[in-house]
There are 2 protein chains.
Amino acid sequence: MRWLNADEQRIWRGFTTAVTKFTEHLDRQLQRDSGMPVAYYEILVALSEAPDRSLRMSELALVCHSSRSRLSHAVAKLEKEGWVRRQACPSDRRGSIAVLTDRGYAVLEGAAPGHVTAVREHLFDVLTPEQLRSLEEISRAIDKGLQGECAQVRAELGEF
Amino acid sequence: MRWLNADEQRIWRGFTTAVTKFTEHLDRQLQRDSGMPVAYYEILVALSEAPDRSLRMSELALVCHSSRSRLSHAVAKLEKEGWVRRQACPSDRRGSIAVLTDRGYAVLEGAAPGHVTAVREHLFDVLTPEQLRSLEEISRAIDKGLQGECAQVRAELGEF
DNA sequence: TCGGTCTGGTTGAACTCTCAACTGAACATA
DNA sequence: TATGTTCAGTTGAGAGTTCAACCAGACCGA
């Protein structure tokens, strides 16, 4: 087994530090200004972009990179807030369809500007166009390298 | 306020997707193979690298980019496992020093190879040297752009 | 049509994290 | 020495996540 050498360690720690701080900042901003965690925001976004502002739970889980369980709990909470409602799936009686309510849409409209601003300020404004191109490639490479794993998890646990 | 354009959205989503999948993979691997979340692993690493394998709680929080509260809960758990113990700080009676036990060190030795392998497989092995250099710069830029925010949070909440 | 298996989704318990409140010690000032 | 403030760390409650167990409907071969 090969350890990380000094260069690799520096890169690794720099990367995790940046990602940790960045995601925590976004989470804190959204929680403070709109009272919801990023995970819930992403559910609302996914629904808002779907036809009829609705998606089956399994589709939604896929889009949000969320486990079924997590999504189920989250949608339960969002439903209690009145931002989402669930309705039966006509074609498959096992299925359940999450629908973004008007109130949910309004909340999303209120939350989006602050969130987008935070993303812009701390990602797009601090990187050069060249670095952004590079970041896209890097993301794609990491994602691709993870395909196998995720498929395996899906197979083993019926998750994702 | 400026929304993200199509290019920016593609980059943004690619980035969050990659980061989410990557960190979840690491967390799952460590939890499955060594029964601990990455956050706890990082505490053990930080202690193992400190002189006498010990650090004051506040130092440890700083190194781990963790809030005092989170760290306190985490160390309580690690103490219950017998991987860490707390002792009084001689120079400041408010202080508390976390010490990595031999058992804790052994657990870390057992967990490290799998974790490092996962990091290598899904980060260093999928990126070119050029991309790694670029990633380091990108991380540094993001981190730097967040300095102000973190200082502000520190000031407001006495956290970090 | 029956039984077995797979799939979509939910649930509860255990765990981790966050936030705010709190304790006790240090420090500064009068 | 008394008082107010700051600092280190802990605690408990509430919120979100994970994991495993579960239910019910769909699917499939005999």
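Colleague: What makes the three strands of chain A an open sheet, and in which order do they run?

Modeller: The order is β1-β3-β2, with antiparallel pairing. Two strands pair if DSSP finds at least two bridges between them, and the edge strands β1 (54-56) and β2 (84-88) of chain A each pair on one side only. Strands here are DSSP E runs of at least two residues, helices H or I runs of at least four, numbered from the N terminus. This is a predicted model: local features need pLDDT of at least 70, side-chain atom pairs 80 or more, while totals for chains, interfaces and linings use all residues. Residues are numbered from 1 along each chain as its sequence is written, with chains lettered from A and ligands numbered from 1 in the order written.

Colleague: How do you know that β2(A) and β3 (residues 96-100) of chain A pair?

Modeller: They share five bridges, and the definition asks for at least two, so they count as a pair. Val84(A), for one, has Leu100(A) as its bridge partner in β3(A).

Colleague: What packs on the sheet, touching β1, β2 and β3 of chain A?

Modeller: Helix α2 (residues 38-49) of chain A, at about 90 degrees to β3(A). Contact means C-beta atoms, placed from the backbone, within 7 Å. Angles run from 0 to 180 degrees between N-to-C directions of axes fitted to C-alpha atoms, for helices over the stretch in contact. α4(A) packs there too, touching β2 and β3 of chain A, at about 115 degrees to β2(A).

Colleague: Which residues come nearest to DNA strand C?

Modeller: Of the 27 around it, Ser58(A), Ser72(A), Ala39(B), Ser69(B) and Arg93(B). A residue is near if its C-beta atom, placed from the backbone, lies within 6 Å.

Definitions and conventions: Two residues are in contact if their C-beta atoms, placed from the backbone, lie within 7 Å.
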